[in-house]
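Please keep the sequence and the structure in view while reading.

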Amino acid sequence: MSDAVDLLQSDPAAAAVAAAAELARITGVENHDVAVVLGSGWLPAADVVGTTVIDIPVTDLPYFAPPVVEGHAGRLRSTQIGDTRTLVFLGRTHLYEGRGVEAVAHAVRTAAAAGCRVVVLTNGCGGLNPSWSPGTPVLISDHINFTNASPLRGGAFLDLTDLYSTRLRELCRQVQPGMPEGVYAQFRGPQYETPAEIRMARVLGVDLVGMSTTLEAIAAREAGMEVLGISLVTNFAAGMTGAPLDHQDVLDTGHAAAHHMGVLLREVISNL
Ligand code: 8IG
């Protein structure tokens, strides 16, 4: 293991401070205000959300890993949205990549170290509610972390009440009235669920299933950030339609909705 990866593992907070310092040097901006993480299918939203000032491969910052999943571009933009300087991560590191929870949480921690007080976590996901057709955006109201992992270390307990900010959900609904909300469950992946796992999840109160977001939200809360979570339902969860789940369908659905998602994000962030 290289020394560079070693610091991410041994002192993730120091790794985030180092990445934020390099970001400030590259952008010439001492502090960013808001961070957005764009998940599966959300990438085209990046071109709509604001005015791109700088666009770099995320690997230009220390301790970031290159992307492995198609539809996850591995770039980072510094974007102007009204008066708000926003960091937009085009893609993320997932737990199933096997790089550890430190790599998963690094973007959120870097954003916090760069000054961001709000993070918008987006994802593409499977929906369990039959009335949510693919392309439906849903606010995350709460989560279930099925990964058996945590980004936290040591014994400090962390309150997760109202993790997904009620204030920010209400702000979203001012922009898009009637936007539904639901409980998001993170499975480790990279396999999708079996139909039996989806029936289990439904019994447990799950509305949305995906492979991201909850560990990042926990790290964001630890860092004192306000969290907004938005899922784009890109497919019915396994077993609901009889059709197999296909990643290309997921990307296509995302792309069709992404422009609208970019407008939503722009309106929400300019009204923070
Ligand atoms: I996009 O149906 C997308 N990501 N776990 N299940 C899980 N992750 C997903 C799904 C899904 N769709």
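In this predicted model, the lining of the second largest cavity consists of four nonpolar, five polar and two charged residues. The residues around this space are Arg-92, Thr-93, His-94, Leu-95, Val-104, Gln-186, Met-211, Ser-212, Thr-213, Leu-215 and Glu-216. The second largest cavity holds about 30 Å³ of space.

The structure has two cavities of 30 Å³ or more. The largest cavity holds about 200 Å³, and 21 residues line it. Phe-64, Gly-91, Arg-92, Thr-93 and Ala-107 are the lining residues nearest the centre of the largest cavity. Helix H3 gives the most, with five residues. Arg-92 and Thr-93 belong to the lining of the largest cavity and also to that of the second largest cavity.

The largest pocket contains about 320 Å³ of space. It is lined by 26 residues, and those closest to its centre are Ser-40, Gly-124, Tyr-192, Met-211 and His-247. At least two lining residues come from each of strand E5 (118-127), strand E8 (208-210), strand E9 (226-236) and helix H7 (247-270). Strand E5 gives the most to the lining of the largest pocket, with four residues. Met-211 lines the largest pocket and the second largest cavity as well.

| Space | Volume | Lining residues by class |
|---|---|---|
| Largest cavity | about 200 Å³ | 13 nonpolar, four polar, four charged |
| Second largest cavity | about 30 Å³ | four nonpolar, five polar, two charged |
| Largest pocket | about 320 Å³ | 12 nonpolar, 12 polar, two charged |

Helix H3, which contributes to the lining of the largest cavity, also meets another helix. How is the packing of two helices described? The description uses the angle between their axes and the distance between the axes. The axes of helix H2 (residues 12-27) and H3 come within 8 Å and cross at roughly 55 degrees. H2 is therefore oblique to H3. The crossing of H2 past H3 is right-handed.

Which residues of H2 and H3 meet? On the H2 side they are Pro-12, Ala-15, Ala-16, Val-17, Ala-19 and Ala-20, and on the H3 side they are Glu-102, His-106, Arg-109, Thr-110 and Ala-113. Seven of the residues in this contact are nonpolar, two are polar and two are charged.

Methods:
Residues are numbered from 1 along each chain as its sequence is written. This is a predicted model: local features need pLDDT of at least 70, side-chain atom pairs count only at pLDDT 80 or more; totals for chains, interfaces and linings use all residues. Side-chain values use heavy atoms; hydrogens and water are left out. On a 1 Å grid over the protein atoms alone, a cavity is a set of points where a 1.4 Å probe fits but cannot get out, and a pocket is an open set with protein on both sides within 12 Å along at least five of seven lines; lining residues have an atom within 4 Å of a point. Grid points are joined across faces, edges and corners, and a volume is the space filled by probe spheres set on the points. Ala, Val, Leu, Ile, Met, Phe, Trp, Tyr, Cys and Pro count as nonpolar, Asp, Glu, Lys and Arg as charged, and the others, Gly among them, as polar. Axes are lines fitted to C-alpha atoms, for helices over the stretch in contact, and angles run from 0 to 180 degrees between N-to-C directions. Angles under 35 degrees count as roughly parallel, over 145 as roughly antiparallel, 65 to 115 as roughly perpendicular and the rest as oblique. A crossing is left-handed if the near helix is turned anticlockwise from the far one by less than a right angle, and right-handed if clockwise. Contact means heavy atoms within 4.5 Å.
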